[in-house]
Amino acid sequence: MAIETATAVQTAEAPPEKRNDVELADRMRRSREAILAEVGKQIVGQREVLDQVLLSLYVGGNSLIIGVPGLAKTMIIHVMAQVLDLDFSRIQFTPDLMPSDITGTEILQEDAGTGRRRMTFRPGPIFANIVLADEINRTPPKTQAALLEAMQEHRVTVQGVTYTLEEPFYVFATQNPIELEGTYPLPEAQLDRFMFEIVIDHLPEDEELDVVRETTGVVKDDPVSVVTKEEIVQFQQLVRRVLVSDAVAGYALSIVRATRPEAEGSLDFIREWVAYGASVRAAQYLVLGGKARALTHGRFAVDFEDIRALAHPVLRHRILANFQAQSEGVTTDQLVDRLLKAVPEPRSGM
């Protein structure tokens, strides 16, 4: 049932918890429109990118943003944090960055009352709601690994003491795809923790002209907050309660399993061009992202189209193309295109 067509009678007759979910879903859908309107005051175009960032936020996932310099990768996340009233922290990843520069460290401090010295924990920039890891591949693997616990478990451990991060918590990381000198490829284990790989590209000419006009004129007012932290957490909980049929969940899993060249009955082009396929986490994110997408499109159940729409951002960083694919110029997006054509939908899904 679409949110727009839910009548007052149906809502009134529903159980209290269902009524609350209907109202919350309507709030979530309206919040998306309000967020995009506010973000649009600062960001021109990039609607698909903004939609994927929002889905990450509604699900509670982390995302990797790939794009050349000058495409507003950092600004998009910063403006989103402002509109959502979330604490924002940017970490510029450099070769000399240490893990303690991210998580924080213990320092020797004198107690003003007693005059005694004691070790005190000083939190690092990871202690924020939205953490932007700018140019994450410019720092060595040891420092990249400092994000793993935070991304997966929303906590950090320093000197044997565990500190819980405030909810909601997200990590967005940026990468420059054209500059490889002095970079360190992200290990597959860390890539797998990113829900989406969001690709941001140059705008069409008319939209680029709008950017030039707006950024060289009178400075606009900052966007205002339209959603609270508490609402974001409620939206994340609502997403988990959205229905998904066995057929739709099975379709998501079938796509993921089809990426694995070692699987029995694997597709010819997968065996030819793929070194390693996606883990089950990809299927989890396809379903979770599908749930959030369904809600923002006014539906209370996930459809096959939701899964297909998210296949590229979920899979493009989880499929490891082999040398033959690279030498022939075959991209992971092209592989996903072929997968979506090769893996059939079940006949009945709802």
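Which helices each supply at least two residues of the lining of the second largest pocket? They are α4 (73-83) and α9 (205-215). Helices (H or I, at least four residues) and strands (E, at least two) are DSSP runs, numbered from the N terminus.

This is a predicted model: local features need pLDDT of at least 70, side-chain atom pairs count only at pLDDT 80 or more, and totals for chains, interfaces and linings use all residues. Residues are numbered from 1 along each chain as its sequence is written, and side-chain values use heavy atoms, with hydrogens and water left out.

Stay with the second largest pocket. A pocket here is an open set of points on a 1 Å grid over the protein atoms alone, where a 1.4 Å probe fits, with protein on both sides within 12 Å along at least five of seven lines; lining residues have an atom within 4 Å of a point. This one holds about 490 Å³ of space. Its lining has 23 residues, and Gln42, Ile43, Met75, Val211 and Thr215 lie nearest its centre. Helix α9 gives the most to that lining, with four residues.

Now turn to the largest pocket. Its volume is about 1,100 Å³, taken as the space filled by probe spheres set on the grid points, which are joined across faces, edges and corners. The elements giving two or more residues to its lining include β1 (62-66), β9 (194-199) and α16 (332-342).

Next, look at strand β6 (residues 155-158). In a regular strand the side chains alternate between the two faces of the sheet. Along β6, Val156 and Val158 point to one face and are buried. Buried means under 20% relative accessible area, with a 1.4 Å probe and protein chains only.

Strand β6 has a partner. Four bridges join β6 to β7 (residues 161-164), and the two run antiparallel. Two strands pair if DSSP finds at least two bridges between them. Val156 has Tyr163 in β7 as its bridge partner. The two strands form a hairpin with two residues between them. In the turn, Gln159 has a positive phi of about 55 degrees.

Finally, find Asn176. This residue lies in the loop between β8 (170-175) and α8 (188-191). Why does Asn176 count as buried? Because its relative accessibility is 8%. Leaving aside neighbours within four places in sequence, Asn176 is in contact (heavy atoms within 4.5 Å) with Gly67, Val68, Pro69 and Asn137.

Methods:
Buried < 20%, exposed > 50% of the residue type's maximum accessible area, 1.4 Å probe, protein only.
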